[in-house]
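Here is a short note for a colleague who is new to this model. Please read the points with the structure open.

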Amino acid sequence: MKHRRSISWLLTGAVAASFFCSGAVCAEEPVTVTGVFGDEEIEVTFEKAPERVVSLAGFATEMLLALGLEDSIVGYAWQDNDVLPQYQEAFEKLTPLCDPGTDPGEEVVLAAQPDLVLSWMSWSEDDYFSYENLTKNNIGAYGFHCERVENSTLEDVYDDFLNLGKIFRVEDRSEALVTEMKDRITAVQERVKDQEPVSVFVCDIGSSEEQAFTAGGGLPADLISKAGGQNIVTDTGKNWTRISWEVVAEADPDWIVIDYYTNADDVEGTIDFLKTQPALKELEAVKNDRFIILGLTDISASERNDDTVELLASYFHPEE
């Protein structure tokens with residue numbers, strides 16, 4: 001059972017924001033949204049739009065850039081993939097808090113004086129980035145719906161974009177972005193609706209010889225489904241899980257999606273592994289080079305999700 005709490009953030013010591021515009025005093029109205037922290041849904045109230053954001057997830061950084069909020073980002077870490085070309089110029093002006101693929105640590109994050117910290121759920125479970133610790137330090141937090149423990153979907157991504165729009169008072173941008181994403185994904189679903197779903201195995205580049213690290217029944221599986229595919233993992237609603245290679249061999253998937261990120265081994269090394277393992281090299285997907293390469297950000301919550309669905313569908317069900 002989920003518990004609901006209501007917290008009003010004290011952003012950098014300001015209980016409410018007011019400022020002068022055209023000679024008159026204007027005040028922002030407080031905004032309350034629901035964030036997801038572990039298995040809890042917590043109402044969080046922002047008295048004003050955050051001005052000093054630390055992002056500890058590549059997908060979160062790109063979501064902010066997609067909403068034109070680069071001036072609010074005072075530091076980032078764990079950039080999983082290169083940002084989209086249209087955001088590269090803005091991204092280059094941002095401040096990295098540490099070397100790629102390393103932990104900035106609590107001291108560095110606090111030194112940036114953030115009024116909001118965004119991160120992967122797994123990262124926010126660490127003691128010093130936990131919801132409780134951020135609250136103790138009067139720092140705001142928003143827990144992404146797409147990072148919920150079980151059964152996250154594209155609807156959660158839409159909710160996250162809309163909530164960020166409310167938090168930063170850029171609702172027009174977030175609503176326009178979500179509308180475009182929905183329209184493009186609906187068009188793909190309409191095209192493939194009468195096609196037999198293909199079976200798909202997601203091979204995370206961090207898989208080991210002992211086990212495959214792969215997508216469960218959460219957001220990545222939903223993207224695959226909307227593109228006309230069926231993830232081979234159906235026994236868990238978690239975004240990511242581990243299974244034996246024997247399970248992969250038995251499923252004999254039609255397609256293999258390989259997701260990569262900067263602090264893991266190379267894609268070619270993963271493909272070579274699949275092609276040389278006795279239990280895997282005879283898979284139809286492996287023998288026929290049915291590999292689709294995606295960045296982790298492509299199958300995490302991001303503006304890219306509609307591109308991802310379109311790309312997957314172009315492989316699963318090519319247009320005649």
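1. Burial comes first. A residue is buried under 20% relative accessible area, exposed over 50% and partly exposed in between (1.4 Å probe, protein chains only). W255 has a relative accessible area of 14%, so W255 is buried. F316 is at 6% relative accessibility and therefore counts as buried.

2. A word on the basis. This is a predicted model, in which local features need pLDDT of at least 70 and side-chain atom pairs count only at pLDDT 80 or more, while totals for chains, interfaces and linings use all residues. Residues are numbered from 1 along each chain as its sequence is written, and side-chain values use heavy atoms, with hydrogens and water left out.

3. Aromatic pairs. Rings of Phe, Tyr and Trp (its six-membered ring) pair if their centres lie within 6.5 Å; planes under 30 degrees apart count as stacked, over 60 as edge-to-face and the rest as tilted. That rule gives nine aromatic pairs. In one of them, the ring centres of W255 and F316 are 6.4 Å apart and the planes stand at 50 degrees, so this pair is tilted. Elsewhere, one aromatic cluster is formed by F59, W120, Y142 and F144.

4. What does the pair of W255 and F316 tie together? Helices (H or I, at least four residues) and strands (E, at least two) are DSSP runs, numbered from the N terminus. W255 belongs to strand β14 (residues 255-260) and F316 to helix α12 (residues 305-316), so the pair ties together parts that are 61 residues apart in sequence.

5. Helix α8. This helix spans residues 219-226 and is mostly covered, with seven of its eight residues buried. Among them are D222 and K226. G228 follows α8 and has a positive phi, near 95 degrees.

6. Salt bridges. The term means a side-chain nitrogen of Lys or Arg within 4 Å of a carboxyl oxygen of Asp or Glu. The structure holds 12 of them. One joins E62 and R304 (2.6 Å, N to O). E62 sits in helix α1 (residues 58-66) and R304 in the loop between β15 (291-295) and α12, so the bridge ties together parts that are 242 residues apart in sequence. Both E62 and R304 are buried.

7. D298 is buried, at 15% relative accessibility. Salt bridges with shared partners join R184, D306, D307 and E310 into one network.

8. Buried or exposed: which is K193? K193 counts as exposed, because its relative accessibility is 52%. K193 forms a salt bridge with E190, the closest N and O atoms being 2.7 Å apart. E190 is partly exposed, at 49%.
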